[in-house]
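Let us take a walk through a protein model together, one piece at a time. Have a look at the picture below, and then we will start with a question.

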Amino acid sequence: MKLDAKIPAGPIEKKWDSHKFNLKLVNPSNRRKYDVLVVGSGLAGASAAASLGELGFNVKVFTLHDSTRRAHSIAAQGGINAAKNYPNDGDSVWRLFHDTVKGGDYRAREANVYRLAQISNQIIDHCAAIGVPFGREYSGLLSNRSFGGAQVSRTFYSRGQTGQQLLLGAYSAMMRQVAAGTVTILPRREMTDVVLKNGQARGITVRNLLTGELESHSGHAVLLCTGGYANVFNLSTNAGSCNVSAAWAAYKRGAGFANPCFTQIHPTCIPRSGEHQSKLTLMSESLRNDGRVWVPKAKGDKRPPQDIPEAERDYYLERRYPAFGNLVPRDIASRAAKTVADSGYGVGPSSQAVYLDFRDSIKRKGENKIKDEYGNLFDMYYQITDENAYKSPMRIYPAPHYSMGGLWVDYNLMTTVPGLFALGEANFSDHGANRLGASALMQGLADGFFVAPSTVSGYLGANKFEAVSTGDKEFTDSSKQVQDRVNRLLAVKGKKTPAELHRQLGNVMWNDVGMGRSEATLKKALKKIPEIREEFWKNVAISGADRDFNQTLEKAMKVADFMEFSELLVKDALERNESCGGHFREESCTPEGEAKRDDANFSHAAVWEYQGEGKEAALHKEALTFENIKMAERSYK
Amino acid sequence: MKGSKHFSVTVRAWRQAGPAEPGKMVSYKVKDVSPDMSFLEMLDILNDDLLKKGETPITFESDCREGICGSCGLVVNGDVHGPDEHSTVCQLHMRRFSDGDVITVEPWRVKAFPILKDLAVDRSALDRVIAAGGFVSVNTGAAADANATPVEKDKAEEAMDAAACIGCGACVTSCPNGAGMLFTGAKISQLALLPQGGPERAKRALSMVAAMDKEGFGNCTNEYECEAVCPKDIKVANIARMNREFLLANLFSKR
């Protein structure tokens, strides 16, 4: 596997413009002759489909949902970053670039991050133009809020539903192309394989989730916009259907998988309440603008929070990080919560929680103002916990949320397989080892609205394509392989449900590969995962038929892939013997307990290449060089 | 979480093997229900039990389980999305029930949403209504600076109220006429309230209303059921606005 990032030459400010000029174009009248297959309809997929459709390409969109509007981008709450500097507080493209590289603990590719910061402003312009109802001031101009890891207010928002509003914006742009005839949507299809011909990605195999039939679709390029893999931990803030299967299928067809161990644990989620738990609910990071995080100063203090006097509270983030206070980046806030809980200061029935307290903000701004900004989050908190957070503090605890790792892509967002692109959270992207809040929405839309239209056109214009038919051997072989796997699953007829086995895997991942990782815990996980996987294939219970709407089979297929992928994640975590961002190796920390990077040995993206079933994956490295930003210890003190 | 004693309930669920198959209500006992469980987690437990017994689990849809994706939708004891006001069924918790309760669970039942299997229905009609005009026709890259077009704050807030729709279809299923007018009215309103939606207002109202009629949705007779069950508290004022937009478009549009 050769890793050529194809970073354009020249000064960083000029790279994207000159690259766009150098990319080949496709004549407008020829575009409809090219079929582009977009898998996934979240921010990245919907925006890519919309913009490629606007250009005149023939686009097919596949989603496992009943409607493209339900992709998990919809659940993003807090906001989207852009370097507009409307508040006049010193923001700039350069500062957003700098904050993102630093926030990612210097494990992202400079050129990509700079482009992301450049495009950020166009995203806001475009989304406002297509009718996204952003929050506004009385002047009628756009409003901003602050988010973690930045000292400027650059986050645009639509109440606590920014992901919903941006996704519905991208969805509406895509539906316009449906009406125009350039985009066709195929809902309730799960991608099960990528089909290659002569080394190029030329199609996909999908399973129709209503009928169970396998379908082949051919095209000139395939765009995977299939999101992240936080559900490898079983319990996460991700929706139930989020999975690694499409990315994993691509990996098995030769796409390099980069930095799988870079997973983000979000600091502010509602703590788990029992074994029955099916998901963890996020309370937006924007709450840290007005909420103060604390625990009692005394261990095991079981008094109700209102009865604990000010002097007996430890506002540990403000104490440890005076410059950023409650707005430190996610990885730091999560680890700090774990540290206090592990030391016996945790609160609530499980003692695995800390307080997020709005008392002072309510006193300062009034309950109505707080309700205006975060009302839906307080309502959600009440519905889940039966507690009123206007009266007593929220209890929160970290939970798996996002994956910075993903399919390796070059500057064009193309994987190591020609014609196979990965956009949004599905790629290893721009966030390095830790993503800053409000940057996922920015990246999904940057990739889909602005990068892919240029680079996918460039690929189509520069390459020759042999005619393919879905009757070709490559397609029928792929369908046969998928069908064999389905048959094997149905033949097990075991006793444990896919959900139980997923929980077993998730417990190992959370306990041994979660917020703190060490050589010992990782080696333990590497021993346990193959055992659980073996049990899965011997003992999974699936009822019903293959050619049917069979949700148990769907779940089992996803869990089967997590059983394989988890092992690669752990190997990557073991290999990366340094702490950086969300990846915290207990062996590698400063005397104060902060993450300690090892730039001499690990300033690279670790890219894994599939070598066949039962064989060890091969490790390749893309060296990261920093010409514009000086690498430093990441300090938020 | 308050955490109190676990209890048992009986679930009476609609079972239907496929779109053309006959359906019936079937009762199941669910033991060891925690008050902190969500309603859907209770169904998960029931389904895992069924699976272990070699029976077919109940098909129902859900995804985000935080009330925003719009995938879930059940009629619980006759209430669309369950007894809680302005909430999706995924946010309903078992603390609202007591030991020994019999809980009836049914799918959305309305002409425009045919049943696919058990509690899952086909809501693709809603997507086709949006494709008829629920958008602003601006190509990517063509926009001016976002602050070049100020939007009155109150108007922006009102647009956001309408835009909060999650497309779950509760409004349709609660309506005695199976009308899709709250859903369609919300999108028409959002874009009519914003200056960005201005140029296409008339065309949008005409084509979205035509699409709605074509999909087999009924008409509004002011029952207000839709507003009562809407998880996002979307107001019937949006239907009035849609009617106004439609009327004006008919009177003055050259189409």
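How many residues of chain B are in contact with chain A, and how many residues of chain A do they meet? In this predicted model, 69 residues of chain B are in contact with 65 residues of chain A. Several elements of chain B give two or more residues to the side that touches chain A: helix H1 (39-52), strand E6 (115-117), helix H2 (124-131), helix H3 (153-163) and helix H5 (181-193). H1(B) provides the largest share of that side, with 7 residues.

Now let us look at chain B as a whole. Chain B contains 8 helices and 7 strands, and its C-alpha trace spans about 65 × 40 × 35 Å along its principal axes. Of its 255 residues, 55% count as buried. Take the contacts in chain B between residues at least 6 apart in sequence: 71% of them join residues at least 24 apart.

Two packed helices are described by the angle between their axes and the distance between the axes. For H5(B) and helix H6 (residues 201-214) of chain B, the axes come within 11 Å and cross at roughly 170°. An angle over 145 degrees counts as roughly antiparallel, and H5(B) and H6(B) are therefore roughly antiparallel to each other. Which residues meet in this pair? From H5(B) come Thr184(B), Ile188(B), Leu191(B) and Ala192(B), and they meet Arg201(B), Arg204(B), Ala205(B), Met208(B), Val209(B) and Met212(B) in H6(B). The residues of this contact divide into 7 nonpolar, 1 polar and 2 charged.

Let us move to chain A and begin with a helix there. Helix H5 of chain A covers residues 162-180, which makes 19 residues. Is H5(A) mostly covered or mostly open? H5(A) is mostly covered, with 17 of its 19 residues buried. Just after H5(A) comes Gly181(A), which takes a positive phi of about 90°.

Chain A also has sheets to explore. Strands of a sheet pair through backbone hydrogen bonds, either parallel or antiparallel. One open sheet of chain A has 5 strands in the order E11-E15-E14-E12-E13, and the pairing is antiparallel. Strand E11 (263-269) and E13 of chain A stand at the edges with a single partner strand each, so one side of each is left without a neighbour in the sheet.

Follow strand E12 (residues 292-296) of chain A through this sheet: 4 of its 5 residues are buried. E12(A) is joined to strand E14 (residues 354-357) of chain A by 3 bridges, and here Trp294(A) has Tyr355(A) as its bridge partner. E12(A) also pairs with strand E13 (residues 313-314) of chain A over 2 bridges, where Val295(A) stands opposite Asp314(A). Going on from E14(A), 3 bridges pair E14(A) with strand E15 (residues 394-403) of chain A in the antiparallel sense, and Leu356(A) has Met394(A) as its bridge partner.

Another open sheet of chain A has 4 strands in the order E16-E10-E18-E19, again with antiparallel pairing. Its edges are strand E16 (406-407) and strand E19 (618-623) of chain A; each has a single partner strand, so one side of each lacks a neighbour in the sheet. Within this sheet, strand E10 (residues 257-258) and strand E18 (residues 604-609) of chain A pair over 2 bridges, with Val607(A) as the bridge partner of Ala258(A). Helix H15 (residues 551-575) of chain A lies across E10, E18 and E19 of chain A and runs at about 140° to E18(A).

We finish with backbone angles. Most residues other than glycine have a negative phi. Ala438(A) is not a glycine, yet its phi is positive, about 70°. Ala438(A) is found in the loop between strand E17 (420-422) and helix H11 (440-462) of chain A, and it is buried, with 28 other C-beta atoms within 10 Å. In chain B, His81(B) has a positive phi of about 65° although it is not a glycine. His81(B) lies in the loop between strand E4 (79-80) and strand E5 (102-106) of chain B, and with 27 C-beta neighbours inside 10 Å it counts as buried.

Terms used:
Residues numbered from 1 in each chain as written. Chains lettered and ligands numbered in written order. Predicted model: local features only at pLDDT ≥ 70, side-chain atom pairs only at ≥ 80, totals over all residues. Expected span 1.5 Å × (residues − 1). Buried ≥ 20, exposed ≤ 12 C-beta atoms within 10 Å, placed from the backbone. Contact = placed C-beta atoms within 7 Å. Axes fitted to C-alpha atoms, helices over the stretch in contact; angles between N-to-C directions. Parallel < 35°, antiparallel > 145°, perpendicular 65-115°, else oblique. Nonpolar A, V, L, I, M, F, W, Y, C, P; charged D, E, K, R; others polar. Pairing = 2+ DSSP bridges.
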